[in-house]
Amino acid sequence: MNDDARAALDLDQSKYDFTTPEVSVYRSAKGLTRQTILDISAHKGEPEWMRDIRLRAYEVFLQKPMPRWGGDLSEMDFEAYTYYIKPTDKREDAWEDVPEDIRKTFDRLGVPEAERKFLAGVGAQFESEMVYHSIQEDLAKKGVIFLDTESGLREHPELFRKYFGTLVPPEDNKFAALNTACWSGGSFIYVPKGVKLDIPLQAYFRINSENMGQFERTIIIADEGADLHYIEGCTAPQYSTRSLHTGVIEIFVHKGAKVRYTTIQNWAHNIYNLVTQRAIAYEDATMEWVDGNMGSRLTMKYPSIYLAGEGARGNVLSIAFATSGQHQDAGTKIIHKAPNTSSTILSKSISRGTGRTSYRGLLKVAKGATGVKASVKCDALMLSETSRSDTYPTMEIDEDQVAIAHEATVGKISDDQIFYLMSRGLSEQDATAMIVQGFIEPFAKQMPMEYAIELNRLIQLEMEGSVG
Amino acid sequence: MRELALDIRDLRVGITNGDGTKEILKGIDLQVPKGEIHVIMGPNGSGKSTLANSLMGHPKYTVTGGAVGFFGEDLIAMKVHERARRGLFLAYQYPVEIPGVTLAHFLWNAHQVKVQAEQPEGKKDPKAVLAFRKRLNASLESLHMATDFSTRHLNVGASGGEKKRIEIAQMEVLGPRFVLMDEIDSGLDIDSTRVVARAINAMKGPDFTALIITHYPRILEYLQPDRVHVMAAGKVLCSRGMELARELEQKGYDWILKEYNAS
């Protein structure tokens with residue numbers, strides 16, 4: 001970071017009363033020990049209970065076996081990773097250190113310089129200070145809490161403790177345990193009763209904090225009748241020197257409330273992206289995951305919804321794009337626990353080169369959950385002979401009075417479609433990209449306009465060199 | 001002699017599959033001077049659609065011999081999109097459906113590519129997209145189509161007749177200099193045929209050339225073509241004036257096949 005930028009950041013802190021604690025630059029030694037966890041907790045100045053949860057989670061992490069399903073994790077080496085880096089350290093990485101191909105992609109996407117550095121994890125987005133400030137003021141008036149997770153813990157300890165880890169406890173899976181032990185960064189959001197937010201909350205409004213940390217932890221609470229849309233990530237490639245990303249997201253949708261969580265992640269090709277996303281929807285509440293997965297070496301991610309109250313609704317819309325050397329193992333879990341709950345799942349996957357996509361889903365209807373309506377639709381598009389696509393749908397239906405529809409398609413782009421578009425003047429590559437864009441249109445049209453445009457541009461870039 | 005828009009010499013085309021190449025076009029000779037409207041008629045299986053698709057460059061067909069000049073250039077050497085950018089347009093017998101892609105989005109991209117090909121140094125006109133929209137809407141209206149077809153997904157859920165008219169709308173917006181029409185009037189009712197014929201007539205002029213494949217003389221009465229060619233068994237049997245189409249309607253193909261020993 002240059003001096004001007006630093007000055008701007010300092011000015012920002014005093015002017016808008018940021019509460020960033022001054023902690024010296026710190027980077028934990030490689031590998032994970034009990035001491036690492038203690039160090040992380042101490043550096044964050046956390047209460048004891050949080051430290052104890054971290055330690056307990058660490059023990060769980062050690063005991064839990066690696067998942068033997070999903071993607072290939074055999075080359076993961078937990079000893080090789082660094083488990084905690086202070087954000088300040090990270091920001092001093094130089095733009096020049098960002099790999100050439102990622103910088104090029106930023107150029108091609110037409111992302112402005114300052115934003116690029118931010119996206120690449122080498123600087124904060126100073127341009128958004130004013131936007132940030134006015135949005136925060138407006139939110140505060142409504143009683144909305146929108147903080148990074150550390151600040152959430154510090155400023156709202158009781159609320160935080162009431163929810164943290166209740167939906168995704170460390171015992172859930174090895175990576176949830178790892179996240180609970182090492183978590184850092186993420187968003188903490190509370191929207192009070194009856195408050196409906198008409199603009200989406202976006203992670204980048206929280207400047208001066210780590211957005212897409214290695215072990216980010218996000219908690220979203222929509223109180224009764226509240227309505228919010230949260231957007232995380234962006235289509236520009238997420239560059240990281242760290243090759244493991246293990247996030248946990250817990251979302252609580254109270255009676256009559258509505259939450260939509262939109263994310264597009266486009267990780268660098270060396271990343272293991274192993275995320276646990278879970279939501280609980282109470283009576284007449286609605287939860288929607290809109291989930292886009294691109295990049296990474298292996299993604300294992302199954303956004304889940306517990307429909308716990310009568311009349312609750314859950315919708316999941318996802319795309320996965322795998323190119324050579326990538327495996328997107330993604331899907332959805334929906335658990336109908338209450339009567340008259342409904343859910344829809346639409347999953348779209350694209351594989352090209354030697355890329356592999358898997359849809360792994362669970363639809364469960366518990367005994368007593370009568371009048372359930374559910375539909376699952378999985379479409380796979382394979383762009384090459386060497387790509388692979390699998391579907392692993394599981395249904396556990398313990399109740400008779402239910403209406404369930406399931407549909408899965410696997411397709412290729414037809415020569416006739418390519419020929420048709422080319423006969424109007426489009427190159428083979430542009431024709432292919434256009435057909436792929438059409439394939440994901442049901443997803444793209446649910447995105448805010450600027451994200452949809454970025455997504456389409458990204459598909460176009462991904463398609464480059466796809467044809468002879 | 002007038003400049004030849006299309007100059008086909010001894011064109012041989014086959015389909016390649018596991019059993020080798022099966023020849024479908026067995027030496028086509030056909031010339032279309034610039035500014036003229038020509039027609040191809042002929043019994044089913046005579047190779048008419050193969051000719052149209054191979055002139056556009058469909059990968060299913062392999063050119064095994066002969067040459068095709070397109071305004072003096074070697075058409076066979078060009079890729080499909082290059083043929084389109086040089087001003088060749090094929091109106092399909094069975095237009096394909098492209099889910100998720102709107103007509104307007106697709107056609108705007110095709111239009112931009114064409115503008116770029118024609119004026120590589122040209123400046124971008126910020127109002128171009130508005131002019132394009134206006135033109136597309138005007139075209140749809142003149143074809144008696146709802147303008148919301150522009151925001152519907154390309155050919156998805158459209159009836160046969162609507163698909164044919166969407167082809168004509170694309171032709172009008174892109175303004176090609178040479179149009180191949182593969183049974184554009186098949187499956188159209190009388191009114192639709194008239195609407196389509198009117199659209200083609202409106203494009204007639206010294207810079208518009210067309211080669212129209214049809215089974216029905218009805219559309220030809222509107223179009224008044226300059227030449228009628230009859231194809232059979234992968235060859236052009238004969239080329240005459242409009243009176244040939246009328247004669248074929250009355251008498252069928254047998255007599256002419258016998259006359260040329262092609263039956």
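**Helices, strands and contacts, step by step**

Trainee: Which residues of α3(A) do R34(A), I37(A) and S41(A) in α2(A) meet?
Mentor: Those three residues of α2(A) meet M50(A), R51(A), R54(A), L55(A) and Y58(A) in α3(A). By class, this contact has four nonpolar, one polar and three charged residues. Here Ala, Val, Leu, Ile, Met, Phe, Trp, Tyr, Cys and Pro count as nonpolar, Asp, Glu, Lys and Arg as charged, and the others, Gly among them, as polar. "Contact" asks that two C-beta atoms, placed from the backbone, lie within 7 Å.

Trainee: Before we go on, what am I looking at?
Mentor: A predicted model, in which local features need pLDDT of at least 70 and side-chain atom pairs pLDDT 80 or more, while totals for chains, interfaces and linings use all residues. Residues are numbered from 1 along each chain as its sequence is written, and chains are lettered from A and ligands numbered from 1 in the order in which they are written.

Trainee: What makes β13(A) an enclosed strand?
Mentor: A residue is buried if 20 or more other C-beta atoms lie within 10 Å of its own, exposed if 12 or fewer, and partly exposed in between; the C-beta atoms are placed from the backbone. Nine of the 10 residues of β13(A), residues 313–322, are buried, so the strand is largely enclosed by the rest of the structure. Across chain A, 50% of the 468 residues count as buried.

Trainee: How do you know that β13(A) pairs with β16(A)?
Mentor: Pairing needs at least two bridges found by DSSP, and 10 bridges join β13(A) to β16(A), residues 342–351. Nine bridges also join β13(A) to β10(A), residues 286–295. Both pairs run parallel. Take I319(A): it is the bridge partner of G292(A), and in β16(A) its partner is K348(A).

Trainee: How many helices and strands does chain A have?
Mentor: There are 14 helices and 20 strands. These are DSSP runs numbered from the N terminus: H or I of at least four residues for helices, E of at least two for strands.

Trainee: What makes β6 and β10 edge strands in chain B?
Mentor: Six strands form an open sheet in the order β6-β7-β8-β3-β9-β10, with mixed pairing. β6 (88–91) and β10 (235–240) each pair on one side only. Inside the sheet, β7(B) and β8(B) pair in the parallel sense over five bridges, and M181(B) has I212(B) as its partner in β8(B).

Trainee: Which strands does α5(B) lie across?
Mentor: Helix α5(B), residues 160–174, lies across β6 and β7 of chain B and runs at about 165° to β6(B). Helix α1(B), residues 48–56, lies across β3, β6, β7, β8 and β9 of chain B, at about 145° to β7(B).

Trainee: How many residues of chain A are in contact with chain B?
Mentor: 17 residues of chain A are in contact with 20 of chain B. On the chain A side, α11(A) gives the most, with six residues.

Definitions and conventions. Axes are lines fitted to C-alpha atoms, for helices over the stretch in contact, and angles run from 0 to 180 degrees between N-to-C directions.
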